[in-house]
Amino acid sequence: MPEVIFAGPSGRLEGRYQPSKEKNAPIALILHPHPQFGGTMNNKIVYDLFYMFQQRGFTTLRFNFRGIGRSQGAFDHGTGELSDAAAALDWVQSLHPDSKSCWVAGYSFGAWIGMQLLMRRPEIEGFMSISPQPNTYDFSFLAPCPSSGLIIHGEADKVAPPADVQTLVDKLQSQKGITITQKTMPGANHFYTDKIDTLIEECADYLDRRLNGELAEARPKRLK
């Protein structure tokens, strides 16, 4: 798994990158939790998601947001981190011009960034939003949400209470043309203590079903 450094909007960004053997393989971008609360690209959930996509033939990238590890810059409350994510996707697409589609998976703070990136990039055809925090971050930009995806969260999550996540899910599920799949994991907290393997199994099952043509409505591609 090559260690990579690529140009970001606030200096260089550090990542881990695994290209697929297939030229036109889809891309998966994995986004880590909050930089000011210990979140890095080496978070166990982020690490396991990276390998989950890689094992299914995706070209896969995870990276440190600005100010984390060897990534330059300073925390920017989401605005700069969204620019970092866009730069990361640009970088991997520049290496894989034949790749026509992309997935984004984010955990906690990374879920918020991932959903914003989804709104800006029409090539993103699927997402995984793990423990999003609509009680902390504004998700009103999802109007409408442009792609089908998975929202998965813990029943015992005190950081992102299930009722708040449910309100977000209900709003998105009312939209036509997309399919939002929701999973509430019994007994799981925000950090999936002792339940990370189960979380990854749920995400893998969702991805396998999507790759099999399930859980998403057939619809015309969005224009860039």
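## Salt bridges, rings and a buried helix

At 16% relative accessibility, Gln 116 counts as buried, because the cut-off for that label is under 20%. This value, like the others here, was computed from a predicted model. Gln 116 has its place in helix 3, which runs over residues 109-120. If you set aside neighbours within four places in sequence, Gln 116 is in contact with Leu 82 and Phe 141.

Let's follow one of those contacts. Leu 82 is among the buried residues of helix 2. How many of the 17 residues of helix 2 are buried? The count is 12, so helix 2 is largely enclosed by the rest of the structure. Besides Leu 82, the buried ones include Gly 80, Glu 81, Asp 84, Leu 89 and Trp 91. There is also a run of four alanines in that list: Ala 85, Ala 86, Ala 87 and Ala 88. The length of helix 2 checks out too: at 1.5 Å a residue its 17 residues should span 24 Å, and the end C-alpha atoms are 25 Å apart, which agrees.

Now for the charges. Side chains of opposite charge can pair when their charged atoms come close. In this model the count comes to 11 salt bridges. Here are three of them:

| Salt bridge | N to O distance |
|---|---|
| Asp 84 and Arg 66 | 2.9 Å |
| Arg 209 and Glu 214 | 3.0 Å |
| Glu 202 and Lys 183 | 3.7 Å |

Start with the salt bridge between Asp 84 and Arg 66, whose closest N and O atoms are 2.9 Å apart. The pair links distant parts of the chain: Asp 84 belongs to helix 2 (residues 79-95), while Arg 66 sits in the loop between strand 4 (59-63) and helix 2, 18 residues apart. Are these two buried or exposed? Both Asp 84 and Arg 66 are buried.

Glu 202 and Lys 183 form another salt bridge, with 3.7 Å between the closest N and O atoms. This pair also links distant parts of the chain, with Glu 202 in helix 5 (residues 196-211) and Lys 183 in strand 8 (residues 180-185), 19 residues apart. Glu 202 counts as partly exposed because its relative accessibility is 24%. Lys 183, at 30%, counts as partly exposed as well.

What about Arg 209 and Glu 214? Their side chains meet in a salt bridge at 3.0 Å, N to O. Arg 209 has 33% relative accessibility, so it counts as partly exposed. Glu 214 is partly exposed too, with a relative accessible area of 31%. Elsewhere, salt bridges that share partners join Glu 3, Glu 14, Arg 16 and Arg 70 into one network.

On to the rings: the count comes to 16 aromatic pairs. One of them is Phe 53 with Trp 103, a tilted pair with 6.2 Å from centre to centre and 55° between the planes. Phe 53 is in helix 1 (residues 44-55) and Trp 103 in strand 5 (residues 102-107), so to speak a link between distant parts of the chain, 50 residues apart.

Terms used:
Residues are numbered from 1 along each chain as its sequence is written. This is a predicted model: local features need pLDDT of at least 70, side-chain atom pairs count only at pLDDT 80 or more; totals for chains, interfaces and linings use all residues. Side-chain values use heavy atoms; hydrogens and water are left out. A salt bridge is a side-chain nitrogen of Lys or Arg within 4 Å of a carboxyl oxygen of Asp or Glu. Helices (H or I, at least four residues) and strands (E, at least two) are DSSP runs, numbered from the N terminus. Buried means under 20% relative accessible area, exposed over 50%, partly exposed in between (1.4 Å probe, protein chains only). Contact means heavy atoms within 4.5 Å. The expected span of a helix is 1.5 Å times one less than its number of residues. Rings of Phe, Tyr and Trp (its six-membered ring) pair if their centres lie within 6.5 Å; planes under 30 degrees apart count as stacked, over 60 as edge-to-face and the rest as tilted.
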